[in-house]
Amino acid sequence: MLPLQTHHHHLFPLLPPKTLPKPYTSQNPNSFALLWSWGKRRPKTLTTNAYSPNEFPADESFLEEFGLKDKEPEDVARRRNWIERGWAPWDEILTPEAKFARTSLNEGEEVPLQNPDSIEAFKMMSPKYRRSKMEEMGLTEDEFYAKQFEIQGEIPEPLKTSWTGPLVVRHVPPRDWPPRGWEVDREELEFIRGAHKLQAVRVDLDKVEEESSTDTEELCLERYKVFLKQYNEWVAANKDRLEKESYKYDQDYCPGRRKRGKDYEEGMYELPFYYPGQICAGKVTTLHLHQGAFVDIGGVHDGWVPIRRNDWYWLRHHIKVGMPVIVEILAKRDPYRFRFPIEMRFVDPNVDHLIFHKFEFPPIFHREEDTNPDEIRRDSGRPPIPIPIKGPKIKVEEEPLKSNHPYVDKLWQIHNAEQMIMDDMEVNPDKYKDKKLAELSDDDDFDEENSVEYTKAYHKRTLLPKMILKTSVKELDLEAALEERKFHNKLREEAKQRGEMYKVTQLRRNIEMDDYDFVHWRRSFEEREALIRDISSRQTLGLPLEEPGRLVDASYFGSLVKDEYDPSNPVYRYDYWGEPKNTEKSRLQRMADAHTKSIVGKGTVWYQMSIEEYAEQQRELYAQSKGKATQTEDDGDDSEEENEDDEDEYEDDEYIYSILSDSSTNIPDQPIVVNGTQSAVFDERTYED
């Protein structure tokens with residue numbers, strides 16, 4: 001950071017340190033000295049200690065690191081922030097009142113005003129005193145505020161840009177004249193546009209100063225005067241409409257928007273007067289930290305120079321409110337959609353090399369009637385919102401070629417219908433005796449939407465789903481099918497006479513289906529060739545193979561995509577009942593686990609028996625429940641009392657009866673395994689008090 005500080009020394013003037021309020025001092029002046037001496041000596045004879053062990057300072061290094069330090073003044077800290085972190089608080093462009101309010105309040109304490117400047121600034125906070133001061137100085141309000149924004153402190157050297165050439169200004173009508181929907185005389189328009197052809201003449205920069213002149217009397221402005229005549233006619237016809245639209249769309253005036261009411265003056269230039277590339281002289285009217293500078297160029301809209309973020313730190317001395325500037329118009333935009341219709345840059349003072357944080361896109365309005373976000377982005381020159389599509393897992397260029405034309409299914413349906421009618425004609429010739437095949441019609445009105453019917457039918461005692469495809473007779477070519485059938489019957493008879501077997505290899509419709517499939521294969525082949533050619537061309541030129549941002553990785557859609565099974569996904573790690581797949585437990589292991597859990601899970605219960613005794617008791621209870629017959633009701637009260645006594649015993653032990661609920665439980669005489677360890681290691685001593 002040192003080179004930056006030394007190179008731009010004029011940007012960080014070192015001000016005298018600011019006086020801070022006196023810190024609180026206790027009544028005992030030696031209290032801190034006492035603390036310091038305790039930190040060094042720590043007498044052993046001291047019994048009562050005012051500090052707890054974790055509060056008492058351990059050694060001198062602790063105090064050096066965490067003890068009280070001399071704070072640097074606020075101005076020094078602010079300048080250090082500017083240099084090291086690139087962060088600025090913009091106190092240079094605060095109004096005097098706001099600056100006084102910031103500098104006079106120190107940590108919320110009132111500071112008595114002693115400095116004459118601070119007393120004057122305090123008085124200036126009152127509008128009445130401010131007005132009287134303006135009248136004393138004989139300044140208007142604009143001049144007074146312009147004076148407040150004069151450079152404070154060290155004045156930097158004026159900007160010198162060695163790479164700029166002489167500024168050539170031409171006076172030509174805009175190329176986009178006339179506005180859309182405005183009719184003008186075609187001959188006059190042709191005469192105006194003749195000025196644009198002269199702009200194609202090349203100018204040698206070395207001879208510009210010799211050939212250029214500042215004389216305005218001999219300029220040929222005939223074409224421009226014709227443009228001005230048409231422009232004034234347009235303004236007279238549209239001025240009131242534009243003002244009404246301004247009140248309709250802009251509730252309040254803000255810099256860069258159309259001036260109306262008292263702010264509007266006769267002779268202000270409307271938007272069609274300006275064009276990109278035009279050089280204008282103007283005056284800075286507003287500085288906005290987040291949007292930029294606004295320059296009055298004599299139009300109904302102030303021009304907008306985009307400056308934002310920390311660029312103001314470098315530009316704060318060179319651009320001030322009220323200063324005259326020369327600007328170049330970069331763009332002219334629709335005021336309905338864009339906040340600032342005229343975008344410009346500074347030509348004098350030339351500060352382009354100090355602007356780093358450009359606006360990606362000019363700011364726009366979102367209106368209530370806007371429903372289509374893609375249309376807004378298209379109108380405002382922004383790229384469309386990319387619709388994320390998951391990239392295909394297959395490589396299209398490596399896939400086999402397609403040869404299944406979608407129309408082949410329909411052809412196969414028509415072919416079957418034709419052959420069924422031909423078969424019916426051979427079986428029932430009387431049915432078609434006096435009928436022409438071309439005049440056949442459907443029995444019912446053919447409904448194309450309900451042409452597929454789903455039913456069920458039996459096949460060898462099995463009920464199977466059945467699909468009926470209805471075809472209209474008008475789609476069939478029955479005469480050609482009949483001629484084909486007669487031809488094959490004739491060939492069959494001839495072969496029979498020769499004693500040979502006749503076999504029909506291909507029918508007319510089969511050949512047609514093959515032709516369609518071949519067309520589909522040819523198209524698929526050409527598409528793949530074009531794709532491979534495109535991929536190789538992109539790889540040669542170093543271009544991306546897919547449109548950037550179009551295809552996204554599968555992780556964009558989350559860990560689980562619909563209808564996709566991923567074995568590595570934790571969702572599929574367990575089966576339906578929540579148990580790990582490879583560690584299904586036997587009933588014996590579950591019972592041992594339940595016993596262990598009843599011990600560990602409840603701190604108030606501790607069984608006085610080993611696991612072997614517990615399992616033995618379960619076996620006895622199981623045998624008793626299986627071998628004992630149900631007692632009759634005659635035993636009555638005695639049996640009920642015995643049951644109550646038994647229940648009390650079991651309540652004290654808190655057995656888990658859910659394990660015994662399954663009557664089919666079979667506990668073999670084998671060592672019980674608990675958590676992968678045989679229970680022999682658990683003896684009676686484990687559960688003794």
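A salt bridge here is a side-chain nitrogen of Lys or Arg within 4 Å of a carboxyl oxygen of Asp or Glu. Keep that in mind for the tour. You're looking at a predicted model, where local features need pLDDT of at least 70, side-chain atom pairs count only at pLDDT 80 or more, and totals for chains, interfaces and linings use all residues. Residues are numbered from 1 along each chain as its sequence is written, and side-chain values use heavy atoms, with hydrogens and water left out.

**Stop 1: the whole protein**

Start with the cartoon view. The protein has 19 helices and eleven strands; these are DSSP runs numbered from the N terminus, with helices (H or I) of at least four residues and strands (E) of at least two. Of the 689 residues, 26% are buried. Buried means under 20% relative accessible area, exposed means over 50%, and partly exposed is in between (1.4 Å probe, protein chains only).

**Stop 2: salt bridges**

By the rule above, there are 26 salt bridges. Select Asp-296 and Lys-259, whose side chains meet in one of them (3.5 Å, N to O). Asp-296 sits in strand S2 (residues 292-296) and Lys-259 in the loop between H11 and S1, so this pair links distant parts of the chain, 37 residues apart. Lys-259 is buried at 9% relative accessible area, while Asp-296 is partly exposed at 27%.

Now select Arg-258 and Glu-270, which pair up at 2.7 Å, N to O. Both lie in the loop between helix H11 (222-249) and strand S1 (279-288), so the bridge ties together parts that are twelve residues apart in sequence. Are these two buried or exposed? Arg-258 counts as buried because its relative accessibility is 6%, and Glu-270 is buried too, at 2%.

Next, pick Arg-333 and Glu-343, another salt bridge (2.8 Å, N to O). Arg-333 is in the loop between strand S4 (324-332) and S5, and Glu-343 is in strand S5, ten residues away. Both partners are buried.

**Stop 3: cis peptide bonds**

Zoom in on Trp-177 and Pro-178, joined by a cis peptide bond with omega at about 0 degrees. Pro-178 is in the loop between helix H8 (141-148) and helix H9 (186-197). The bond from Asp-348 to Pro-349 is also cis, with omega near 0 degrees. You'll find Pro-349 in the loop between strand S5 (342-348) and helix H13 (373-379).

**Stop 4: a loop with positive phi**

Where is Lys-460? Look in the loop between S7 and strand S8 (462-469). Lys-460 isn't a glycine, yet its phi is positive, about 55 degrees. Arg-461 lies in the loop between S7 and S8, and its phi is positive as well, near 65 degrees. Lys-460 is exposed at 71% relative accessibility, and Arg-461 at 84%.

**Stop 5: a surface patch**

Switch to the surface view and select Leu-113, Ile-119, Phe-122 and Met-125. They form a nonpolar surface patch with about 330 Å² of accessible area together. Patch members have over 30% relative accessible area and no salt bridge; nonpolar side chains (Val, Leu, Ile, Met, Phe, Trp, Tyr) are joined within 5 Å, and like charges within 9 Å. The areas come from the Shrake-Rupley method with a 1.4 Å probe, and for residues only the protein chains shown count as cover. Finish on Met-125, in the loop between helix H6 (116-124) and helix H7 (127-137), which counts as partly exposed at 37%.
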